[in-house]
Amino acid sequence: MALRIAAAAVLIAACGAPCTAQSITGEVDVTGGVSTENVRAGSTQARVFGANASDWRFFAEATWAAVNGQPSDAFGAAYPYEGGIRPMEVYAEKTFHPRSYLLGVRAGRYRTPFGISSRGEYGYTGFVRAPLIRYGEHFALSNTWLEHGVDLAAGWPRLSVETSLGVPGDEGELHRRRGVDGTVRIQGYYKALIVGASRLDSGRDRALGAFAKGRSVFNGVDARVTAAGIQVRGEWIFGRPFDGVTTTGGYVDLLVHRRALGIVTPVARIERLDYEAGPYFSLYLKRVTGGARIQLPGCFTGQINAIHQPAGLAHGRKNVIDAGITCSVRR
Amino acid sequence: MGYVWVGLLALVLIGGGAPGIEVPGSATFKDKPLADAVVWVDAPDIRQEHPAPEVTLDQRNLSFSPHVLAVRVGTTVSFPNHDRVFHDVFSFRDGKRFELGLYPVGAVKHVPFDRPGLSRVFCNIHPGMAAYIIVVDTSHFAVSDRQGNFLLADVPAGTYPYHAWRPGGQILNGSADIRSGSRLDVQWR
């Protein structure tokens, strides 16, 4: 039902008077990947976006994926790898720029605007996996959490506040409970530095059963700095997925996009996650990733990651190689 | 009487001589109208021209707009972000090389283009975003519209070399005889 409301919001917004699209663009990403964690995966994402004459923007995206092998977070950087064809973001938005101010409104189904959250900053950047603290099955804040609601952003480019109010519409294996779901994010920008702080207050996974009571509350800080083609970014997130437990963790990414390196964009990540849930259930995860995104001829982009995870993951091997190749086409 | 001559001389000096000619033209590729072709003529300026102080390559709706931007040497191009997501604009090959880093909606960055050449512009986050900035050392240039038509303004009469470029194609070079009523049609076959 909520998804229908989201789709209706998009249609109404996209068909504001006059109901003629000024521009429509379609993109398709097709990916195949293998991991030495005994995982093989294939996926396709298709998205359509555009604007009408009043500059109302619309965006709709669907994903299909199939995974073969043992449970793993490989290839889950920005999209779920189960569930067949699934809708992802489906929204309409408009941004106003009165004088130097900024006011943006978005309605529909969109990624939870907590921290570094856009698909473009996780999908196909060079990392094959989501950060540990952004993978739902680690009792963390999932990259595939979505909201059905309304999102408002206001402020200036230098300092803005974004608030989202809605109900969860998550993808992936673990879904939050129905109910009102709010996120607030404040962001500052100065020269090459972007910093933010976020808070999410939401229901928690229905699938976890009766022991998972209470609301899910997460707080986080994030930063990105880019200079001379080198980007350093990271997040530190802490909170409780439900009453009686805590999840704390973060990551730091390095992405080196320099002309001298040609088609290769080296990437590296160091991260950890502590899930405190008493004896037998706690998780203490650490992981180091080194890899690259490689721009290949034509539509193809390769990603390769070497991962060392000295502790914690039940199904994980200590040393893993992930590799994927994606063809991206825009029309 | 002497004042009249002085006035006429002043008019010539200020006005820069004879008025220029508007030269319409068309660009075609395999006999079909071609949008986003850039045509320029190596003709002298009629008036003391200054480069446009700033032109814009917008980031809007996960696309660059326009897809092809032609500017004169010395022009500063602004790159505003009108999307709610970050963009990271860069150009690494040929022409002007730059990387602007991440910046949010509402923010603007600026790049001066100080020599002729072609810059291929991309976003490091959104691989589907691509644009071209072609920098020419003349004020007589135009970009063809969707119907393949363009208009070169204020070209002095004479015979001049012309050049034409299209995305993914070879540069065409030729000679254009510019006079009243003349056209300049460029064809890639």
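**Strand pairing, nonpolar cores and chain contacts**

B:Val55 has B:Val77 of strand 8 of chain B as its bridge partner. The model is predicted, and local features need pLDDT of at least 70, side-chain atom pairs count only at pLDDT 80 or more, and totals for chains, interfaces and linings use all residues. Residues are numbered from 1 along each chain as its sequence is written, with chains lettered from A and ligands numbered from 1 in the order in which they are written. Strands are DSSP runs of E of at least two residues, numbered from the N terminus, and two strands are taken as paired if DSSP finds at least two bridges between them.

Three bridges link strand 4 of chain B to strand 8 (residues 75-80) of chain B in the parallel sense. Both strands belong to an open sheet of three strands in chain B, with the order 4-8-11 and mixed pairing. Strand 4 (54-56) and strand 11 (108-113) of chain B each have a single partner strand, so one side of each is left without a neighbour in the sheet. From one strand to the next the twist averages 30 degrees, where axes are lines fitted to C-alpha atoms and angles run from 0 to 180 degrees between N-to-C directions.

Strand 16 (residues 158-165) of chain B runs antiparallel to strand 3 (residues 38-41) of chain B, and four bridges join them. Strand 16 also pairs with strand 17 (residues 172-178) of chain B, in the antiparallel sense and over seven bridges. B:His163 of strand 16 stands opposite B:Trp40 and has B:Asn173 in strand 17 as a bridge partner. Strands 16 and 17 of chain B form a hairpin with six residues between them, and B:Gly168 in the turn has a positive phi of about 80 degrees.

A nonpolar core is a set of buried Ala, Val, Leu, Ile, Met, Phe, Trp, Tyr and Cys residues joined through C-beta atoms within 7 Å; a residue is buried if 20 or more other C-beta atoms, placed from the backbone, lie within 10 Å of its own. The largest such core has 51 residues, of which B:Val38, B:Val39 and B:Ile133 touch the most other members. Strand 13 (residues 130-136) of chain B gives the most to this core, with six residues. A second, separate core of 44 residues includes A:Trp145 and A:Leu200.

Between the chains, 22 residues of chain B are in contact with 32 residues of chain A, contact being defined by C-beta atoms, placed from the backbone, within 7 Å.

Note on methods. Buried ≥ 20, exposed ≤ 12 C-beta atoms within 10 Å, placed from the backbone. Contact = placed C-beta atoms within 7 Å.
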